[in-house]
Amino acid sequence: MAASSSFLALLCFLSLILNVSHCKTLKRDVKALNEIKASLGWRVVYAWVGDDPCGDGDLPAWSGVTCSIQGDYRVVTELEVYAVSIVGPFPTAVTSLLDLTRLYLSFNSFKGEIPRELANLPELRYLYLHENRFTGRIPAELGNLPNLRHLDVGNNHLVGTIRELIRLEGSFPALRNVYLNNNYLTGGIPAQLANLTNLEILYLSYNKMSGTIPAGLAHIPRLTYLYLDHNQFSGRIPDVLYKHPFLKEMYIEVNGFRPGVKPIGAHKVLELSDSEFLF
């Protein structure tokens, strides 16, 4: 039995490379992707041919869909549907793709709230939802994702506070990069944010945040980029931040800081491509 199982796994692996169908795609993922296909309609129908998102025989895998081998089956591990002018609610069938590690739905026009059911995807590492029309609060349940490294919800219509986002104990244990820019977030930066000890990028620009900057941010050991500009922060920047060994850039303009407060680094447009942080 063990030898037979190993042989089947080998055939599955070769099928991904050679696009030869020797193992089946998990029915759960086939069902979920076809539901997504039906909900998105003509915008993907020409790129998503056939019924099997991982490819079947002469048909290739659907554009933007990446599959991997798990046991005797193929499963969907990455999904990219971006810049195709999709208008409408979030495709909830995505939350059934339990082996998903990367979800990229940016540069569309999804309306409504970000579903908290995304927190049911235990393998999710990279979540890109920027440049949409999401409203409401960012679900605090996302903080329960044990492997989430990159969270980008910038350029939406989101409200709420960071305190609400990280209110659950042990939130975001693996998070490195968080993009909350160009929304309508309010409130201050809570001292508890220093508990996100893996954080490297904190992008808060163009919100309506206020209050003073907590010295505890200096306790985030690898904080490298800190963007506070175009908010309503006040007071002084704690001296310990200027002594942080990893902090390369800190943008502070268009706030209510006291005279004499200085940025770190030369201000330039932050590139959203941050592949150097994805390992």
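Guide: Let us begin with Gly88, which stands opposite Phe110 in β5. Please keep in mind throughout that this is a predicted model.

Visitor: Okay, and which strands are pairing there, in which sense?

Guide: Strand β3, covering residues 87-89, pairs with strand β5, residues 109-113, in the parallel sense and over 3 bridges.

Visitor: What does β5 pair with besides that?

Guide: β5 also pairs with strand β7, residues 133-137, and this pairing is again parallel, over 3 bridges; within it, Gly112 stands opposite Phe134 in β7.

Visitor: How many helices and strands are there in the protein?

Guide: The protein has 5 helices and 16 strands.

Visitor: In what order do the strands of the open sheet run, the one with β14?

Guide: That open sheet is formed by 3 strands in the order β12-β14-β16, with parallel pairing. β12 (210-211) and β16 (256-257) are the edge strands, and each has a single partner strand, so one side of each lacks a neighbour in the sheet. Strand β14, residues 232-235, pairs with β16 in the parallel sense over 2 bridges, and Ser234 is the residue found opposite Gly256 in β16.

Visitor: Switching topic: how many residues are in the largest nonpolar core, and which have the most contacts inside it?

Guide: The largest nonpolar core holds 68 residues, and Trp48, Leu79 and Leu103 are the ones with the most contacts inside it. At least two residues of this core come from each of α2 (27-40), β1 (65-70), β2 (73-80) and α4 (162-165), and α2 gives the most, with 4 residues.

Visitor: What does Leu103 actually touch?

Guide: Leaving aside residues up to four places away in sequence, Leu103 touches Leu79, Phe90, Val94, Leu118, Leu124, Tyr126, Leu127 and Tyr128. Apart from this core lies another, of 6 residues, and among them are Tyr179, Tyr203, Tyr225 and Tyr227.

Visitor: That's a lot of tyrosines. Which residues do ring pairs link into a cluster?

Guide: Ring pairs link Tyr179, Tyr203, Tyr225, Tyr227 and Tyr251 into a cluster, and a search of the whole structure finds 10 aromatic pairs. One of these is the pair of Tyr225 and Tyr227, which is stacked, with 6.3 Å from centre to centre and 5° between the planes.

Visitor: And Tyr225 and Tyr227, buried or exposed?

Guide: Tyr225 has a relative accessible area of 12%, and since the cut-off for buried is under 20%, Tyr225 counts as buried. Tyr227 is also buried, at 1% relative accessibility.

Visitor: What about His150, where is that?

Guide: His150 lies in strand β8, which spans residues 150-152. His150 has 0% relative accessibility and therefore counts as buried.

Visitor: Which side chain does it make a polar contact with?

Guide: The side chains of His150 and Asn177 are joined by a polar contact of 3.2 Å.

Visitor: Last one, zooming out: how much of the protein is buried, and what about its contacts and surface?

Guide: Of the 279 residues in the protein, 47% are buried. Among contacts with a separation of 6 or more, residues 24 or more positions apart account for 54%. As for the surface, the protein exposes about 13,500 Å², of which carbon and sulfur atoms supply 54%.

Note on methods. Residues are numbered from 1 along each chain as its sequence is written. This is a predicted model: local features need pLDDT of at least 70, side-chain atom pairs count only at pLDDT 80 or more; totals for chains, interfaces and linings use all residues. Side-chain values use heavy atoms; hydrogens and water are left out. A nonpolar core is a set of buried Ala, Val, Leu, Ile, Met, Phe, Trp, Tyr and Cys residues joined through side-chain atoms within 4.5 Å. Buried means under 20% relative accessible area, exposed over 50%, partly exposed in between (1.4 Å probe, protein chains only). Contact means heavy atoms within 4.5 Å. Two strands pair if DSSP finds at least two bridges between them. A polar contact is a pair of N or O atoms within 3.5 Å; within protein, one must be able to donate a hydrogen and the other to accept it, and residues adjacent in sequence count only if both atoms are side-chain atoms. Rings of Phe, Tyr and Trp (its six-membered ring) pair if their centres lie within 6.5 Å; planes under 30 degrees apart count as stacked, over 60 as edge-to-face and the rest as tilted. Accessible areas come from the Shrake-Rupley method with a 1.4 Å probe; for residues, only the protein chains shown count as cover.
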